[in-house]
Amino acid sequence: MINEDDLPRWQAKLEQIDAAVEGDREVLNAWAAEDAHRADRDGELRAIVDAFQRDGDLVEFRKEVDEWRHRPGPYTSFGGFGQMWLNQVAKYTPEGDTDTIRVLQSALTTPQSIAESIDKINAVARVTEKLTSKGYPQVGRIPYVLSLFWATDRATPPWPVMWTSAPQMMSELGWLRPWSNQERWPEYVEAARTLSPDRITRFDRLLWYLSEHKFVGLNPTLASMCAEAAELMARYTRGVGYADDPIATRAEGLAFQLKGELGLAAEGLVEALSARVDRALKAQPIDARIEFSKTGAYRADAYTVWAESDVSRAPSFRLWATRSGVAVGVHAYGENEADATAIAERVLSTVPEGMTFFHLQPHLTGDRLTPITGYRSGQVFVGRWWTWDEAPQGISLREAVLDVAEALVPVFDAVAPRADRQVTITPISGASVNDELTTLAERFRAEWPYPNEKDSWHKDERAKLAEMLSADNLVVFDLDVFRLLINTSRYGGPGPQSVLNASLRVMDSIALDAFARKVHDILWDPEPVAKRIDRALDWEDLGTKGLGESVVLKMLAIVDPDRFLPVFPLTGPHGKIAMLRRLGLPEPDKTLSRGEQHLAANDTLRARLEPLFPNEPWGQTQFAYWLLGNDVDDSGTEIDLLGRTAAELFVPQSFLEEIRELILEKGQVVFYGPPGTGKTYVADKFAAAIQPDPDRRMLVQFHPSTSYEDFFEGYRPRTDEAGQMSYELRKGPLALMAEKAEAAPGQPHVLIIDELNRANLPRVFGELLYLLEYRRKWVRTAYRADEPFELPANLYFIGTMNTADRSIAMIDAALRRRFHFMPFVPNEGPLSGLLRRWLKENEEPAWIASLVDGVNEELRVLLRGSHLLIGHSHFMPDGAGKGKPTVLEDTRLRRVWNYGVYPMIEDQLYGKPERLAEFTWESVLHRYGPGSTAAAEEQEALNADLESDDA
């Protein structure tokens, strides 16, 4: 059911399109000419249907419909997908198949309700999908074909024709979310009948016009859409989600409508805008969600992005709509506060009269743009602002956008990216700790969440270690407990300590007593603590080989938590200075000693964070680390990378969205299918779409000898400077990624496991199988039995499995339960037609698709399954493209087959030379190559596709 609040908004959009059409005499005249023949064409088709109902002659029915659709009138476009579908049904229906004929006759009888129409569509799908497995006749075309016949019956209420362009535009506008036409059909009919009850053809015609022109103005009700979305956002709690599922569903629907409206504007204006500003701009869609999270909020605003490159965070022109108004301007991120300020200063002298800076509010405020005088902080956005009462309406907004953009060209020049720009940490404004940082601390508590059981464990361990380091207990030095301090993450990890471990290992009892006295002096001597730190780092004083500042500062944080934060390094990406920069606090004077710098940085951080987490040095530290690892100022690019990736992969965007939902639900998903179906390629592209930072993604490949120690962690030999061999606990890919994910809980991290089923999975995963299902729970791992380990909720796994060796059947049941499994089967589901789309887009021979389909159907029957079908990636080489020479020429195709495809078939048909001979290149080329019936049908389908692009 369509939400009742949407219908008047959609009606307003149709009226806006109608107003644009009124100024297009060419289109109006063409429609009038078609309508002059409508009554005659309707009567003729009804007579053809009546004849088929009487005699059941499908061949004659197909012939008469083909002749009819060539006559002038509104139905000539049926010669594309529609007539093609009917031709294929007539061709592949076996002689004497009365069941198919009966179902078709029944389906062509005009239904009396939407429910009955669905039954008829499903009935036709059931009989026609069995006719051939080559991908046609396509089930998705059935609503289009049947609706045309029903529409000519002049029933009450009328039936709309589901032309290709109409549901496609509804989808782009965010009015329809389902992917398949069968699922779209009920809502399509409801919308057409409700919005155009008297002129049902007006509905699909206006949507066709929009598909051709894209931009006719912004929906006049966009302000109310943003306002409703903002009201729903007020019922959202970060880290928890919306108040209930209906609110979340409604917020999702509004976000996609906002995204769709501005997305059409981006497409419709990009060419004219590029010409006006003399830049080669690209339109980039935005994401409907504001973050990658199972409970992430949906947006309450929307904007276009026109940038010169696909590089993340590139300067751009934007058209931005919020509940308060609409803006056109130039946007730049700035890589840190100083950089953004410098950009704003360069821009200041170029801002045209009548234009202003904007302050970008956080998403959860519900109203992101505030016009201001001068630059304040954060992202730089300069342009023209209209309240909704002032904004140009309809198509007049087009010229207004272009005029403003042209005036802003000097501003765009000022924010053009520098070649030497480096990514640095973005500091937080030095605002009062009671406002911005308070809000961020609340967000941290919800997202971490803080405090949790592990935080409590760290605090308890600090107390135990403090007892060992007390002045009294250092008299009898406990080396085993000290090793726990330096080699584990109890109350923070000091990093690898191989040199210090080696030094301790060679100490006798006398040397250990001397070392204990040094530790005592470092921690308890009455001289100033900065002096003690300096002495501890001096090997000729209190220092010891391998005893670095991280261990020294960890000991001080353990024994004196009232002063020291458990932040051990001074420099580096996770050191005290990095935290000071993130918080916009002054750095210590570099002329000070190392100990004095540590102390000054620690005290400055502690003073700033203490009001947020009183008497909680561990909480203050975790919050500071969280700030370092997350985009806390809503500065993410928000570009819809899934949409861009779907286009690059030639798959529906809904397919990648489904993967996203699956991985958010369980945390892990497996792609399984025959070789060459793009499992690893899609996994890699999908991972890059949800996490563009390559440092937060990793790919590993399993093999039969992969072990727990390889994947998670285990002891590995090492040799010290004296040539002595020892063993150290070394982290594997999983432990490393878990560590990164824990340090940045607001960022998704992805570990791709290629060829997952080639390893002994229970042995490789061990006790970690439990954690795949129970995130935020602890286990005691094999090599760290005294230290809990958990899998962060923001670490996601994508596995790939090759079904060629059938080893997927051997997957442990416990593992199966913890993963979602997504099939990658040629020409099924989202992969259906993928190779065809690629061939068409790159102007490569269309018959290759029918050859692959034909051979795959033979293999499916011969091998009794789809485990070893031919993947499309064999026939998608680099270097192809529109206007380029054909890359899939005869020689290359023969090479691909003989050395890539044929060996796999040969392996499966070993010992069957007579069957194998049927799959040589010469044999399959004879059956499916140029000049074959299959190739002719493929070309006919391509022509129909091109013809239906105009429908």
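Start by selecting β12 and strand β15 (residues 749–754), which pair in the parallel sense over five bridges. (Strands pair if DSSP finds at least two bridges between them; helices, H or I with at least four residues, and strands, E with at least two, are DSSP runs numbered from the N terminus.) Before going on, keep in mind that this is a predicted model, where local features need pLDDT of at least 70, side-chain atom pairs count only at pLDDT 80 or more, and totals for chains, interfaces and linings use all residues. Residues are numbered from 1 along each chain as its sequence is written, and side-chain values use heavy atoms, with hydrogens and water left out.

Zoom in on V700: its bridge partner in β15 is I753. Now widen the selection to the whole sheet, an open one of five strands in the order β12-β15-β18-β11-β19, with parallel pairing. β12 (697–701) and β19 (820–823) are the edge strands, each with a single partner, so one side of each has no neighbour in the sheet. From one strand to the next, the twist averages 20 degrees.

Helix α29 (residues 679–690) lies across β11 (668–673), β12, β15 and β18 (795–802), and runs at about 165 degrees to β18. Helix α31 (residues 733–743) packs on the sheet too, touching β12, β15 and β18, and its direction makes about 165 degrees with that of β15. (Contact means heavy atoms within 4.5 Å; axes are lines fitted to C-alpha atoms, for helices over the stretch in contact, and angles run from 0 to 180 degrees between N-to-C directions.)

Jump to helix α3 (residues 38–55) and helix α4 (residues 58–69), which pack at about 175 degrees with their axes 10 Å apart. That makes α3 roughly antiparallel to α4 (angles over 145 degrees count as roughly antiparallel, under 35 as roughly parallel, 65 to 115 as roughly perpendicular and the rest as oblique). Show side chains for R41, E44, L45, I48, V49 and F52 in α3, which meet L58, F61, E64, V65 and W68 in α4. The residues of this contact divide into eight nonpolar, no polar and three charged. (Ala, Val, Leu, Ile, Met, Phe, Trp, Tyr, Cys and Pro count as nonpolar, Asp, Glu, Lys and Arg as charged, and the others, Gly among them, as polar.)

Then try helix α5 (residues 81–92) with helix α8 (residues 142–151): their axes come within 9 Å and cross at roughly 100 degrees. The two are therefore roughly perpendicular. Here F81, G82 and W85 in α5 meet I142, Y144 and V145 in α8, a contact of five nonpolar, one polar and no charged residues.

Follow the chain into the loop between α8 and α9 (165–172), where P157 lies. What is the peptide bond from T156 to P157, cis or trans? The bond is cis, with omega near -5 degrees. R154, in the loop between α8 and α9, has a positive phi of about 55 degrees although it is not a glycine. For background, most residues other than glycine have a negative phi, and most peptide bonds are trans. Another cis bond joins Y450 to P451, again with omega near -5 degrees; look for P451 in the loop between α17 (436–447) and α18 (453–468).
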